[in-house]
Amino acid sequence: MNLDFSPEDLAFREEVRAFIAENYPASLRAVQEEGEEMAKEDFLSWHRILAKKGWVAPAWPTEYGGPGWSSVQRYIWSEELARADAVPILPFGINMVGPVIYTFGTPEQKQRFLPPTLTGDIWWSQGYSEPGAGSDLASLKTKAERFTGDDGKEYYLVNGQKTWTTLAQHGDWIFCLVRTDPNAKIQEGISFLLIDMKSPGVTVRPIITLGGEHEVNEVWFENVKVPVENRIYEENKGWTCAKFLLAHERSGIAGVARSKRGIERIRQIAAEELADDGNPLIQDPLFRRKIAELEIDLTALEFTELRTLASEHAGKGPGPESSVLKIKGTEIQQRITELVLEASGNYGAPYFRGFPKEGGNALPIGPDHARRAAPTYFNVRKTSIYGGSNEIQRNIIAKMVLGL
Amino acid sequence: MDFNFSEEQSMLRDTIASYLQDKYDFETRRKIVSSESGWRADYWKAFAEELGILGASFSEELGGLGGGALDNMIVMEEFGKALVIEPYLGTVIIGGGFLKHSGHTDAADHIASIVAGETTIAFAYAEAQGRYTLSDLKTTAKKDGSGWVLNGHKAVVVGAPFASHLIVTARTGGSQREASGVSVFLVDKHAKGVTTRDYPTVDGGRASEVYFDNVSIPADALIGAEGAGLPLVEKVVDEATAAVCAEGVGVMRKLHEGTLDYAKQRKQFGTAISNFQVLQHRMVDMFIELEQSVSMTYMATLKLGESDAERAKAVSSAKVRIGRALKFCGQSAIQIHGGMGMTDELAIGHYFKRGTIIEGLFGSVDHHLTRYERLSFDKAA
C-alpha cells in the first residue's frame with residue numbers, strides 16, 4: 001500500500017493547474033462572486049474552452065473524444081477544478097447520456113450525437129423523474145406508442161410528463177425513459193428515447209424551488225412525434241441503459257473535491273466573522289469542533305472514494321459501493337451549507353434575489369458570503385433526495401452488499 | 001401541577017385559530033409576503049379591534065385583558081402555525097415588554113396605543129459586528145440639552161418596514177462590549193435623521209438596515225435607567241426568545257402534520273410511503289422532538305418571572321432544544337416530501353424556512369448552549 005501519487009501524476013497536476021489558471025474565464029469568476037443565477041452562455045463558455053483542449057469528457061474513451069486519462073488523473077482533474085472554484089461541467093451530456101450513447105448506440109447515433117455533445121452544441125436535459133415516480137423510477141407512465149407516419153417512416157407518439165428536469169429551460173434535446181409496452185412487467189417495456197425539444201408538443205414549465213431559483217422544470221409531451229431511429233438500444237430494454245446511467249451518475253456524486261474547497265471557505269468565513277465574545281469565530285471552541293468533525297468525516301469519505309477508485313482502476317465498474325459515496329458525500333455537502341449559514345449570524349436572513357438593485361449590483365448589505373448562505377442551504381437539501389434518495393441508497397446497500 | 005389552559009386562554013387560542021383559518025390560509029399569506037408592503041395593516045387593525053388579541057397579555061390597569069406570558073405563548077404558537085408576518089413579536093412582546101417593565105411615565109399611554117393597533121414597533125438591537133451579544137454596541141446616544149442625539153447602524157431590524165416606532169439600544173457610556181453604559185430608547189421611525197434600507201428576508205418577512213445620523217430624541221424617549229439598561233434588555237429578549245420558541249412549536253406542528261399527511265397519500269413501490277419503517281421512525285422522532293419542544297416552551301414561559309439567572313437558564317435551555325428540533329423536523333419534512341419538498345409551491349418549504357430563521361433568532365443553539373453552561377457551571381455568574 002502506498003498513499004503517494006506517482007511523479008507522472010504530480011506532473012499532470014502541475015499541467016492542469018497551469019491550464020486552469022491561464023484559461024478559466026475571469027467573467028465567470030465575477031458571475032459566481034455576485035451569486036447571480038448563471039446564464040446559458042456562462043455554463044457553456046468554460047465547457048467550450050475545455051472541449052477545444054480535448055478535456056471536457058475525462059471519462060470518455062479516446063475514440064469518442066476522451067483524453068485517455070487514468071482514473072487517478074481524472075480524480076486529480078476534478079480536485080483541481082474544485083480548487084479553482086471552476087463552474088462545474090453539466091453532467092447531463094458528458095456524464096450521463098454520452099456514455100449511454102457510446103455504449104449502447106448505433107454507429108449512426110454515435111456519429112450524430114457525440115460530437116455536438118462534446119462541443120456543447122447540444123444542451124441535454126434528463127427526462128427520468130415523473131410526478132408519480134421519483135426514487136421509484138420504474139413506475140414511470142410517459143407512453144410512447146409506435147405508428148407509421150404519412151411519410152411511411154416509423155415513429156413513436158409520446159405523451160406524458162417529466163419533472164425536476166434540471167435547466168431544461170435551456171435544453172436542445174432531452175433523453176427520456178418512456179413506456180413502450182404497458183403490459184410488460186414494470187421494469188420491462190421501458191425504452192430510452194432521445195427527443196428534440198423543439199418538436200411540436202413539448203412544453204417546458206418552470207418550478208421555483210425553496211431558495212427562489214429557477215433550476216428545475218416540468219416537461220410536458222403532448223402527441224410528440226419521435227422518429228424510431230432516436231431510440232437508443234432495443235425497444236423495451238431501456239432499463240438496461242437506465243441502470244448503466246444511474247451507476248455513472250452516482251460515481252461522481254461524492255463531490256469530495258468541492259467539499260474540501262467548501263471547508264476551506266468555512267475556515268475563511270469563520271476567520272472573518274466575529275463570535276459572541278468579539279473574537280474571530282474560528283477561535284470559538286464549538287464552531288471549531290464542528291469544522292474538525294466535518295474535516296474528519298470528509299477524510300473518511302475521501303479515502304473511501306480513493307479505495308473505490310483504485311478498485312475501478314483494477315477493472316471493476318462502479319458497484320453498489322457508490323451508494324456509500326452518495327450518502328456520505330451529500331450529507332457532508334449539506335453540513336457545509338449549514339455551517340456557512342450558521343457562521344453568517346443575523347445576516348443569513350436578508351434575501352436579495354430579484355430584489356431591486358442599485359447601480360447594477362445587489363445591495364451591499366452584510367458580508368458577501370452571507371448573501372447566498374440561506375438559499376444555498378435550502379437548495380442543497382435536494383442532494384439527499386435526487387439521484388435516488390439516501391433512503392433508497394441504503395436499501396441498495398442492504399440488498400446488494402449485505403444481502404438482506 | 002397543572003398544565004391546562006384557563007377558559008380565557010382556551011378561548012383566546014380558539015379565536016385566533018379560527019380567524020387565521022378563515023382569513024390567513026397559505027395562499028393569502030403568499031399574496032401578503034409578495035405584496036409591495038409585505039404585511040396587512042387591515043389585519044393588524046382586526047387583531048386589535050375585532051379579536052382584541054393585542055391587549056391579551058397586558059394587565060387591566062394598562063388597558064389590557066389581564067393576561068401575561070402564557071397568552072403571548074398562545075398567540076405566537078398560532079401565528080407559527082399560520083406563518084403570520086404581522087409584527088406581534090416586535091410590537092406587543094418586545095415593545096410592550098420594555099414599556100411595562102420600565103416604569104416609564106408614559107408607559108400606559110404607549111401601551112394603550114399598542115393595544116389599539118396604532119403603534120407598531122420594531123426592535124433595533126443587533127449590530128453588524130455583534131452577532132448575538134446584546135451589549136456589543138457601537139451605536140451611541142449623547143446627551144444634548146435635556147434630550148439625546150443618536151448615531152449608529154442597526155442590522156437586520158425585523159419588521160422595521162412596518163413599524164411606526166423603533167426600540168433602539170445604544171451606548172450612553174462605557175466601551176463597546178461593556179455591560180454598563182447601555183440605554184434603551186423609543187424612537188419615532190420617521191424622526192429626522194433616521195434612514196432605512198428595506199429588504200425581504202428568506203422566510204417571507206421584511207427587515208431593514210437602520211441608520212441614525214444625528215437623530216435628536218427627547219428626554220422621555222429613554223426607557224428604563226440611563227446606562228443600566230442591559231438587565232432590562234436581557235429580560236425582554238428572554239421573553240421574546242420564549243415567544244419564538246412557541247412560534248417554533250407552531251411551525252413544528254405543521255411540519256409534522258404536513259409530513260404525516262403527505263406520507264400517507266404518496267405512493268411508491270406500490271404502497272404509501274408511510275408504510276416504510278425507516279420513514280415511520282423518522283416521523284416518530286419528529287413527534288418526539290415536537291413533544292419535547294412543547295414541554296420546554298411551557299417550562300421557559302412559566303419561568304419568565306423567576307430570578308434573572310433562573311429565567312436565563314430556562315430560556316436558553318428551551319432555545320437549544322427548539323433550535324435542534326426545528327432543524328431536525330424541517331430537514332426531515334423536506335426529505336420525506338422528496339422533490340415536492342423542494343418546491344416553492346407547497347407550504348412545507350415555507351415552514352422549513354421560517355423554522356430555519358427561528359433557529360438563529362436571538363441566538364443560535366451554540367450561543368444558548370454557551371450561555372447555559374456559563375450560568376450552570378460558573379459560580380461568578
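Helices, of at least four residues, and strands, of at least two, are taken here as DSSP runs numbered from the N terminus. On this basis, chain B of the predicted model contains eleven helices and ten strands. The radius of gyration of chain B is 21 Å, close to the 21 Å that the globule rule gives for 381 residues, so chain B is as compact as a globular protein of that length. The C-alpha trace of chain B extends over about 80 × 50 × 40 Å along its principal axes, and buried residues account for 59% of the 381 residues.

Two annotated regions may be set against the secondary structure. According to UniProt, in an unreviewed entry, residues 227–359 of chain B carry the feature "domain: Acyl-CoA dehydrogenase/oxidase C-terminal"; this span is 79% helix and 3% strand, with its end C-alpha atoms 31 Å apart. For chain A, an unreviewed UniProt entry lists "domain: Acyl-CoA oxidase/dehydrogenase middle" at residues 127–224, a stretch that is 0% helix and 49% strand and whose end C-alpha atoms lie 14 Å apart.

In chain B, strands E2 (residues 140–144) and E3 (residues 147–158) run antiparallel and are joined by five bridges, with Thr140(B) having Asn151(B) as its bridge partner in E3(B). Two residues separate the strands of this hairpin, in which Gly145(B) adopts a positive phi near 65°. Because Glu127(B) lies in the loop between strand E1 (121–124) and E2, the pair ties together parts that are 27 residues apart in sequence. Both partners are buried, Glu127(B) with a relative accessible area of 4% and Lys154(B) with 0%.

Over all chains, the structure holds 47 salt bridges. One of them joins the side chains of Glu79(A) and Lys260(A), at 2.8 Å from N to O; since Glu79(A) belongs to helix H4 (residues 71–83) and Lys260(A) to helix H8 (residues 256–272), this contact ties together parts of chain A that are 181 residues apart in sequence. Glu79(A) is buried at 12% relative accessibility, whereas Lys260(A) is partly exposed at 31%. A further salt bridge, at 2.6 Å from N to O, is made by Glu215(A) and Lys382(A), which link strand E7 (residues 214–227) of chain A to the loop between helix H12 (373–379) and H13, 167 residues apart. Here Glu215(A) counts as partly exposed at 22% relative accessibility, while Lys382(A) is buried at 19%.

Conventions: Residues are numbered from 1 along each chain as its sequence is written. Chains are lettered from A and ligands numbered from 1 in the order in which they are written. This is a predicted model: local features need pLDDT of at least 70, side-chain atom pairs count only at pLDDT 80 or more; totals for chains, interfaces and linings use all residues. Side-chain values use heavy atoms; hydrogens and water are left out. Two strands pair if DSSP finds at least two bridges between them. UniProt positions are given in the numbering used here, feature names are shortened, and annotations may be inferred rather than shown by experiment. The radius of gyration is taken over C-alpha atoms; the globule rule is 2.2 Å times the number of residues to the power 0.38. Buried means under 20% relative accessible area, exposed over 50%, partly exposed in between (1.4 Å probe, protein chains only). A salt bridge is a side-chain nitrogen of Lys or Arg within 4 Å of a carboxyl oxygen of Asp or Glu.
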